[in-house]
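Here is a friendly note to read alongside the model. Please keep the view open and follow the points in order.

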Amino acid sequence: MKKAVLFFTVALVACGPITKEELDQRFAKVDERLNKLEERQRRLEEQSIKTETRVDNLAESFTKLRLDVERLKTGRETISPIKTPEETKRSVEVPQKAQEDYQREYDEAINLYNQKQLNKAKEKFIEFIRKNPQTPLTDNAYFWLGTTFRDLNELDKAEAVWLTLVERCKRGELPDCNKAPAAYLQLARLYELKGDQQKANEFYQNLMKDYPLSEEAQIAKRKLGK
(Lines give C-alpha, C1' and ligand atoms only; values in the text may rest on other atoms or scores of the structure.)
Protein backbone atom coordinates (compact mmCIF):
# COMPACT_ATOMS: atom_id res chain seq x y z
CA MET A 1 0.00 0.00 0.00
CA LYS A 2 2.84 2.41 0.90
CA LYS A 3 4.58 1.64 -2.40
CA ALA A 4 1.36 2.34 -4.31
CA VAL A 5 0.91 5.70 -2.58
CA LEU A 6 4.55 6.60 -3.22
CA PHE A 7 4.20 5.70 -6.90
CA PHE A 8 1.01 7.76 -7.11
CA THR A 9 2.81 10.75 -5.53
CA VAL A 10 5.75 10.49 -7.94
CA ALA A 11 3.36 10.26 -10.88
CA LEU A 12 1.56 13.38 -9.75
CA VAL A 13 4.81 15.33 -9.40
CA ALA A 14 5.97 14.17 -12.82
CA CYS A 15 2.82 15.56 -14.42
CA GLY A 16 3.73 19.05 -13.40
CA PRO A 17 3.31 21.40 -10.45
CA ILE A 18 0.08 21.10 -8.49
CA THR A 19 -1.18 22.90 -5.46
CA LYS A 20 -1.45 21.31 -2.03
CA GLU A 21 -5.24 21.57 -2.25
CA GLU A 22 -5.29 19.63 -5.53
CA LEU A 23 -3.00 17.01 -4.08
CA ASP A 24 -5.24 16.62 -1.04
CA GLN A 25 -8.28 16.23 -3.29
CA ARG A 26 -6.57 13.50 -5.32
CA PHE A 27 -5.50 11.64 -2.19
CA ALA A 28 -9.07 11.92 -0.91
CA LYS A 29 -10.30 10.23 -4.09
CA VAL A 30 -7.75 7.45 -3.63
CA ASP A 31 -8.89 6.96 -0.03
CA GLU A 32 -12.50 6.83 -1.19
CA ARG A 33 -11.69 4.12 -3.72
CA LEU A 34 -9.80 2.13 -1.11
CA ASN A 35 -12.73 2.37 1.29
CA LYS A 36 -15.09 1.12 -1.41
CA LEU A 37 -12.78 -1.82 -2.12
CA GLU A 38 -12.62 -2.70 1.58
CA GLU A 39 -16.42 -2.51 1.85
CA ARG A 40 -16.77 -4.78 -1.17
CA GLN A 41 -14.36 -7.29 0.37
CA ARG A 42 -16.35 -7.26 3.63
CA ARG A 43 -19.60 -7.92 1.77
CA LEU A 44 -18.01 -10.79 -0.14
CA GLU A 45 -16.85 -12.34 3.14
CA GLU A 46 -20.36 -12.03 4.63
CA GLN A 47 -21.85 -13.60 1.50
CA SER A 48 -19.36 -16.46 1.78
CA ILE A 49 -20.44 -17.14 5.37
CA LYS A 50 -24.12 -17.16 4.36
CA THR A 51 -23.37 -19.53 1.49
CA GLU A 52 -21.54 -21.88 3.83
CA THR A 53 -24.54 -21.88 6.18
CA ARG A 54 -26.88 -22.75 3.31
CA VAL A 55 -24.57 -25.60 2.28
CA ASP A 56 -24.57 -26.91 5.87
CA ASN A 57 -28.38 -26.81 5.97
CA LEU A 58 -28.59 -28.67 2.67
CA ALA A 59 -26.21 -31.31 3.99
CA GLU A 60 -28.46 -31.80 7.01
CA SER A 61 -31.48 -32.23 4.74
CA PHE A 62 -29.66 -34.76 2.56
CA THR A 63 -28.65 -36.71 5.67
CA LYS A 64 -32.26 -36.91 6.85
CA LEU A 65 -33.45 -38.06 3.43
CA ARG A 66 -30.74 -40.72 3.24
CA LEU A 67 -31.60 -42.05 6.68
CA ASP A 68 -35.31 -42.10 5.84
CA VAL A 69 -34.59 -44.14 2.71
CA GLU A 70 -32.43 -46.57 4.67
CA ARG A 71 -35.20 -46.94 7.25
CA LEU A 72 -37.70 -47.70 4.51
CA LYS A 73 -35.36 -50.27 2.99
CA THR A 74 -34.86 -51.95 6.34
CA GLY A 75 -38.58 -52.13 6.94
CA ARG A 76 -39.21 -53.55 3.48
CA GLU A 77 -36.50 -56.22 3.78
CA THR A 78 -37.50 -57.45 7.24
CA ILE A 79 -38.85 -61.03 7.07
CA SER A 80 -41.48 -61.99 9.63
CA PRO A 81 -42.64 -65.50 10.56
CA ILE A 82 -45.74 -66.73 8.72
CA LYS A 83 -48.87 -66.10 10.79
CA THR A 84 -52.51 -66.85 10.34
CA PRO A 85 -54.71 -63.89 9.34
CA GLU A 86 -56.15 -63.75 12.85
CA GLU A 87 -52.70 -63.73 14.48
CA THR A 88 -51.55 -61.05 12.07
CA LYS A 89 -54.56 -58.89 12.86
CA ARG A 90 -54.02 -59.19 16.63
CA SER A 91 -50.27 -58.51 16.50
CA VAL A 92 -50.36 -55.60 14.03
CA GLU A 93 -53.44 -53.58 14.90
CA VAL A 94 -52.26 -52.05 18.19
CA PRO A 95 -48.63 -51.20 17.17
CA GLN A 96 -49.84 -49.76 13.86
CA LYS A 97 -52.38 -47.57 15.64
CA ALA A 98 -49.74 -46.45 18.14
CA GLN A 99 -47.38 -45.60 15.27
CA GLU A 100 -50.09 -43.64 13.50
CA ASP A 101 -50.79 -41.73 16.72
CA TYR A 102 -47.24 -40.64 17.44
CA GLN A 103 -46.57 -39.91 13.76
CA ARG A 104 -49.60 -37.62 13.71
CA GLU A 105 -48.49 -35.87 16.91
CA TYR A 106 -44.99 -35.39 15.55
CA ASP A 107 -46.31 -34.02 12.25
CA GLU A 108 -48.47 -31.53 14.16
CA ALA A 109 -45.42 -30.23 16.03
CA ILE A 110 -43.31 -29.99 12.85
CA ASN A 111 -46.10 -28.17 11.02
CA LEU A 112 -46.33 -25.61 13.82
CA TYR A 113 -42.57 -25.08 13.63
CA ASN A 114 -42.68 -24.64 9.85
CA GLN A 115 -45.47 -22.10 10.29
CA LYS A 116 -43.20 -20.17 12.70
CA GLN A 117 -45.64 -20.72 15.58
CA LEU A 118 -42.65 -21.38 17.78
CA ASN A 119 -44.25 -21.28 21.23
CA LYS A 120 -46.97 -23.72 20.18
CA ALA A 121 -44.40 -25.93 18.47
CA LYS A 122 -42.28 -25.93 21.63
CA GLU A 123 -45.19 -27.17 23.72
CA LYS A 124 -46.05 -29.84 21.16
CA PHE A 125 -42.49 -31.18 21.05
CA ILE A 126 -42.32 -31.28 24.86
CA GLU A 127 -45.65 -33.10 24.99
CA PHE A 128 -44.50 -35.55 22.31
CA ILE A 129 -41.32 -36.45 24.21
CA ARG A 130 -43.28 -36.90 27.44
CA LYS A 131 -45.87 -39.18 25.81
CA ASN A 132 -43.50 -40.98 23.42
CA PRO A 133 -40.09 -41.42 25.08
CA GLN A 134 -39.15 -44.52 23.07
CA THR A 135 -40.14 -44.15 19.41
CA PRO A 136 -38.08 -43.80 16.21
CA LEU A 137 -39.13 -40.14 16.15
CA THR A 138 -38.19 -39.25 19.72
CA ASP A 139 -34.67 -38.19 18.74
CA ASN A 140 -36.16 -35.99 16.00
CA ALA A 141 -38.46 -34.36 18.56
CA TYR A 142 -35.49 -33.62 20.83
CA PHE A 143 -33.55 -32.09 17.95
CA TRP A 144 -36.38 -29.86 16.77
CA LEU A 145 -37.26 -28.85 20.31
CA GLY A 146 -33.69 -27.61 20.69
CA THR A 147 -33.94 -25.84 17.34
CA THR A 148 -37.19 -24.18 18.42
CA PHE A 149 -35.56 -22.91 21.62
CA ARG A 150 -32.67 -21.58 19.51
CA ASP A 151 -35.06 -19.71 17.22
CA LEU A 152 -36.75 -18.28 20.32
CA ASN A 153 -33.28 -17.08 21.40
CA GLU A 154 -33.44 -19.32 24.49
CA LEU A 155 -29.92 -20.60 23.86
CA ASP A 156 -29.31 -22.20 27.25
CA LYS A 157 -32.46 -24.33 26.85
CA ALA A 158 -31.46 -25.25 23.31
CA GLU A 159 -28.07 -26.36 24.61
CA ALA A 160 -29.64 -28.44 27.38
CA VAL A 161 -32.02 -30.23 24.99
CA TRP A 162 -29.34 -31.05 22.40
CA LEU A 163 -26.99 -32.28 25.14
CA THR A 164 -29.78 -34.50 26.47
CA LEU A 165 -30.22 -36.01 23.01
CA VAL A 166 -26.48 -36.64 22.64
CA GLU A 167 -26.20 -38.25 26.08
CA ARG A 168 -29.29 -40.45 25.65
CA CYS A 169 -27.91 -41.69 22.34
CA LYS A 170 -24.53 -42.43 23.93
CA ARG A 171 -26.28 -44.52 26.61
CA GLY A 172 -28.34 -46.36 24.01
CA GLU A 173 -31.63 -45.15 25.48
CA LEU A 174 -33.30 -44.29 22.16
CA PRO A 175 -34.31 -46.72 19.41
CA ASP A 176 -33.13 -44.33 16.70
CA CYS A 177 -30.46 -41.62 16.82
CA ASN A 178 -30.34 -40.32 13.27
CA LYS A 179 -30.51 -36.74 14.63
CA ALA A 180 -27.55 -37.10 16.98
CA PRO A 181 -24.97 -35.92 14.39
CA ALA A 182 -27.08 -32.83 13.70
CA ALA A 183 -27.28 -32.16 17.45
CA TYR A 184 -23.46 -32.33 17.70
CA LEU A 185 -23.19 -29.86 14.84
CA GLN A 186 -25.70 -27.44 16.32
CA LEU A 187 -23.96 -27.57 19.71
CA ALA A 188 -20.63 -26.75 18.08
CA ARG A 189 -22.19 -23.79 16.28
CA LEU A 190 -23.86 -22.67 19.49
CA TYR A 191 -20.53 -22.60 21.32
CA GLU A 192 -19.01 -20.67 18.41
CA LEU A 193 -21.82 -18.16 18.76
CA LYS A 194 -21.04 -17.87 22.47
CA GLY A 195 -17.37 -17.29 21.67
CA ASP A 196 -16.18 -20.62 23.11
CA GLN A 197 -14.17 -21.92 20.14
CA GLN A 198 -12.34 -24.53 22.22
CA LYS A 199 -15.58 -26.23 23.21
CA ALA A 200 -16.92 -25.90 19.68
CA ASN A 201 -13.83 -27.70 18.37
CA GLU A 202 -14.34 -30.48 20.93
CA PHE A 203 -17.82 -31.13 19.57
CA TYR A 204 -16.60 -31.02 15.98
CA GLN A 205 -13.97 -33.63 16.91
CA ASN A 206 -16.45 -35.81 18.80
CA LEU A 207 -18.81 -35.61 15.84
CA MET A 208 -16.10 -36.92 13.51
CA LYS A 209 -15.20 -39.67 15.98
CA ASP A 210 -18.73 -40.88 16.82
CA TYR A 211 -20.36 -40.41 13.40
CA PRO A 212 -17.48 -40.41 10.87
CA LEU A 213 -19.67 -41.34 7.88
CA SER A 214 -22.29 -38.64 8.43
CA GLU A 215 -22.63 -35.51 6.32
CA GLU A 216 -22.26 -33.49 9.51
CA ALA A 217 -18.83 -35.06 10.06
CA GLN A 218 -17.75 -33.74 6.67
CA ILE A 219 -18.88 -30.27 7.69
CA ALA A 220 -16.90 -30.62 10.93
CA LYS A 221 -13.79 -31.56 8.95
CA ARG A 222 -14.12 -28.42 6.86
CA LYS A 223 -14.59 -26.33 9.99
CA LEU A 224 -11.41 -27.74 11.51
CA GLY A 225 -9.51 -27.51 8.25
CA LYS A 226 -8.93 -31.27 8.02
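1. Helices (H or I, at least four residues) and strands (E, at least two) are DSSP runs, numbered from the N terminus. This is a predicted model, in which local features need pLDDT of at least 70 and side-chain atom pairs count only at pLDDT 80 or more, while totals for chains, interfaces and linings use all residues. Residues are numbered from 1 along each chain as its sequence is written, and side-chain values use heavy atoms, with hydrogens and water left out.

2. Now the overall picture. The protein chain has 9 helices and 0 strands. Of its 226 residues, 31% count as buried (under 20% relative accessible area, with exposed meaning over 50% and partly exposed in between; 1.4 Å probe, protein chains only). Among contacts (heavy atoms within 4.5 Å) with a separation of 6 or more, 52% join residues 24 or more positions apart.

3. The crossing of α4 and α5 is left-handed, a term used if the near helix is turned anticlockwise from the far one by less than a right angle, with clockwise giving right-handed.

4. Which residues of α4 meet α5? From α4 come Leu 118, Lys 122, Phe 125, Ile 126, Phe 128 and Ile 129, and their partners in α5 include Tyr 142, Trp 144, Leu 145 and Phe 149. The contact of α4 with α5 holds 10 nonpolar, 2 polar and 2 charged residues (Ala, Val, Leu, Ile, Met, Phe, Trp, Tyr, Cys and Pro are nonpolar, Asp, Glu, Lys and Arg are charged, and the others, Gly among them, are polar).

5. Moving along, α5 also packs with α6 (residues 155–170), the axes coming within 7 Å and crossing at roughly 165°. The crossing of α5 and α6 is left-handed. Asp 139, Tyr 142 and Phe 143 are among the α5 residues in this contact, and Leu 155, Trp 162 and Leu 165 are among those from α6. By class, the contact of α5 with α6 has 9 nonpolar, 3 polar and 4 charged residues.

6. Please look at Asp 139, which sits in helix α5. Is Asp 139 buried or exposed? Asp 139 is buried, with a relative accessible area of 0%. Its side chain reaches the backbone nitrogen of Lys 179 at 3.0 Å. Leaving aside neighbours within four places in sequence, Asp 139 touches Leu 165, Leu 174, Asp 176, Cys 177, Asn 178 and Lys 179.

7. The next pair is α6 with α7 (residues 180–193), packed at about 145° with axes 9 Å apart. α6 passes α7 in a left-handed crossing. The contact of α6 with α7 divides into 13 nonpolar, 1 polar and 2 charged residues.

8. Finally, Ala 200 lies in helix α8 (residues 197–210). Ala 200 counts as buried, at 0% relative accessibility. Its C-alpha atom is 7.2 Å from that of Leu 187, 13 residues away along the chain. Not counting residues up to four places away in sequence, Ala 200 touches Ala 188, Tyr 191 and Glu 192.

Key: A polar contact is a pair of N or O atoms within 3.5 Å; within protein, one must be able to donate a hydrogen and the other to accept it, and residues adjacent in sequence count only if both atoms are side-chain atoms. Axes are lines fitted to C-alpha atoms, for helices over the stretch in contact, and angles run from 0 to 180 degrees between N-to-C directions.
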